[in-house]
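Hello,

Here is the structure I promised to pass on to you. Please have a look, and my notes follow below.

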Amino acid sequence: MSRCRRSGPRLHRHCETCFSRRCKASIEVSVSCMVINCRLLCGASFHMCKEDEHSLLCPNEKVPCLNAHYGCPFIMCRSRLAKHLEVCPASVVCCSMEWNRWPLENPDAPLYTNLLKELHEQESLDLSMALRDQKHLCARLKMRKCFPELMEEQEEEPATVEEYDDEEEAVKETMCNGMHVNGYEGPGGGLVNGPSKACEKALKEDVVLNGPVDKDKYNLFEKMFSMEMGGCKQAEAEASKTEEHNGKNTSSKGSSNPQGASVEPEKMEANVDITKTGLAPWQDGVLERLGQEMKPREFNMYIVHHGRMLISFGQMDACTPRDKDFVYGNLEPIPVQTLCTFKVPSSYKQRRIQLREFNTRVMTEHKSVGTSDLDMSEKDGGEMDEMFSTLLCYAEVEIRGHKISETVATDGLYVDIATQTYNFATAPFKSNATLTEITADRDLKLHVDLDTEAVTLRHNKSTSAFTFLCGHFFRRDEFASHFKNVHLDIQSSLSGWFEQRCPLAYLGCTFSQRRLQPSTHRAKVSYNQDLSIFTLTPEVPASLMSDSQTVPLKAHIKYEDSLSNLPFEVLCYIASYLDSFTLSQLALVSRFFRDICATLLQERGMVGFKWRKKSYSHGRTHWKPTKVWEFSTLFSKVGNWCIGDTPSMAEHLKHCPFYQTELKTEPFALASMFDNKEKERHSLVSLLMRRK
């Protein structure tokens, strides 16, 4: 039922101010009416004429959800709206958790090299998450921002001429008051409303200075003044007829030289310049004619509305030249005094090379130099790594506020002008090239740190660390579980607590083990790089796995899809115990299981808008939303974690290849084993006193 109702009849005179549940006023026409109870049994009593007003406040009235415009299909009593918002499928929350990663100083370290070699053998949570962040980082870094001098030169595309699909539209644009406009030939063979030479010159200058002209706006301006042009043409025709009539009258009266005094009307009409008589902004002398024919108020309004066109067509200057400025008549010239406001402080000491001592100063010359001018061999100064150089440039922008090749002021007198030469094998780059496109054919390398730092939005990040965002969508009742299990329990504890690495990892050891697991059941935590989410996979008991292995091969082939043979109601009941991420994956198995998961969409799913861009034949675009139902990426809620039965790290160190013990075969003296009488014990104070 819609909340928007038509305004009913006006309340009675008595009922308008009566709020008593026991009103005993007599029923009279246009004065009062009887008292009734709410039909939905909410307990309210009111006059009958107030029934429509009560329906807007009745707690038992059936109304749609507050998020009905966003896709929620539920209709409920008004008293349940607040409680429904907690589980509303259209009440979607976006996770705004952020974390930072530092770029690696040495991507060729033994640990990172060995981890990438064993990438498919073991799945480390920190490595998988770092590779995902690096992939997203490369996709958003543009090469144009760091290396604009290494971009390809774009060729200007020729302007396309618009073609009319319908002949009637072309006729409408070319005919106005019976006159041909927009550059089409009129009955006399000439262009009536075509642009003049000054107009074409102004258009060319505007293309050079401000880029290509918007043809749609230009055609719109042409239409605006086509009516005025037609009126001017009609006025000129009337004026030519009047002059022709006057010429005939003078010729009939006669004169002293009748042969040379007559003027032919055809020649007179041919000599009239149409482009110098109208009031359009592109016509020559339009401002002078407007100043004579219009009032100052109308003239100012014309300048306000058409000032931009007047400047584009060269009728007026954008800025008044200095020689045309208004100058007062009786003013004496004032001499301009130049003052030097900067004084070198007395404490400033020049370097010896900056003094004018030619004996000690080395002769220099002004020359633009770069790193390519250094005497380096091709092996030492060969091709650079695009990934490492781009991350370095972005780090310089963050931490120093400028790039390496920009000019830097060292003090109040001197400025350092630096240049940086880059030598990339893939240069020049395309205009919209990203770091992912440039390094697509290269071997995989890790360029960001494995450890993360959680930083809130209120923190001022003035460092060269790169920021990453979670950005996943969840129902309002699922968000708390996602934030606790993923960001607080797993992600913040990867460096040593949730996942523990070998203490000799800096030497290249890739061993790691996961210490924590859910306290209620055994499960394995893994990271999905394609979906950028953590998943929780329960471990199947060995007894069940052994039973499945004893089934013969023929039985496997015969009952290959035994789960689908169960009744539809039983499968729906089983699916109700699955988490949201499992339901989203189960819906991809087959159409049958997709229909089963669809029965749980309103209870467990979420709805949102998916915007699509639609282009039309006339060139315009329009964004249209589509309601999309889906499941979130939340796994089963884990209340508590416990330490699993993983062996101690000392067991690994017994056979770690990087743990090399040094066996002593000869006796050696410890630090405290010496004779106090023979050797004096030196303290820190005595050592300092001896140095003095």
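This is a predicted model: local features need pLDDT of at least 70, side-chain atom pairs count only at pLDDT 80 or more; totals for chains, interfaces and linings use all residues.

Residues are numbered from 1 along each chain as its sequence is written, and side-chain values use heavy atoms, leaving out hydrogens and water.

Now the aromatic rings. The whole structure holds 11 aromatic pairs (rings of Phe, Tyr and Trp, the last by its six-membered ring, with centres within 6.5 Å; planes under 30 degrees apart are stacked, over 60 edge-to-face, the rest tilted). One of them is F498 with W641, edge-to-face at 5.4 Å centre to centre and 75° between the planes. These two residues are 143 apart in the chain, with F498 in the loop between α16 and β14 and W641 in strand β21 (helices, H or I, of at least four residues and strands, E, of at least two are DSSP runs numbered from the N terminus). F498 is buried at 1% relative accessible area, and W641 is buried too, at 17%. The rings of Y573 and Y577 are also edge-to-face, with centres 5.3 Å apart and planes at 80°.

Finally, the protein chain has 24 helices and 21 strands, and 29% of its 692 residues are buried.

Best wishes

Methods. Buried means under 20% relative accessible area, exposed over 50%, partly exposed in between (1.4 Å probe, protein chains only).
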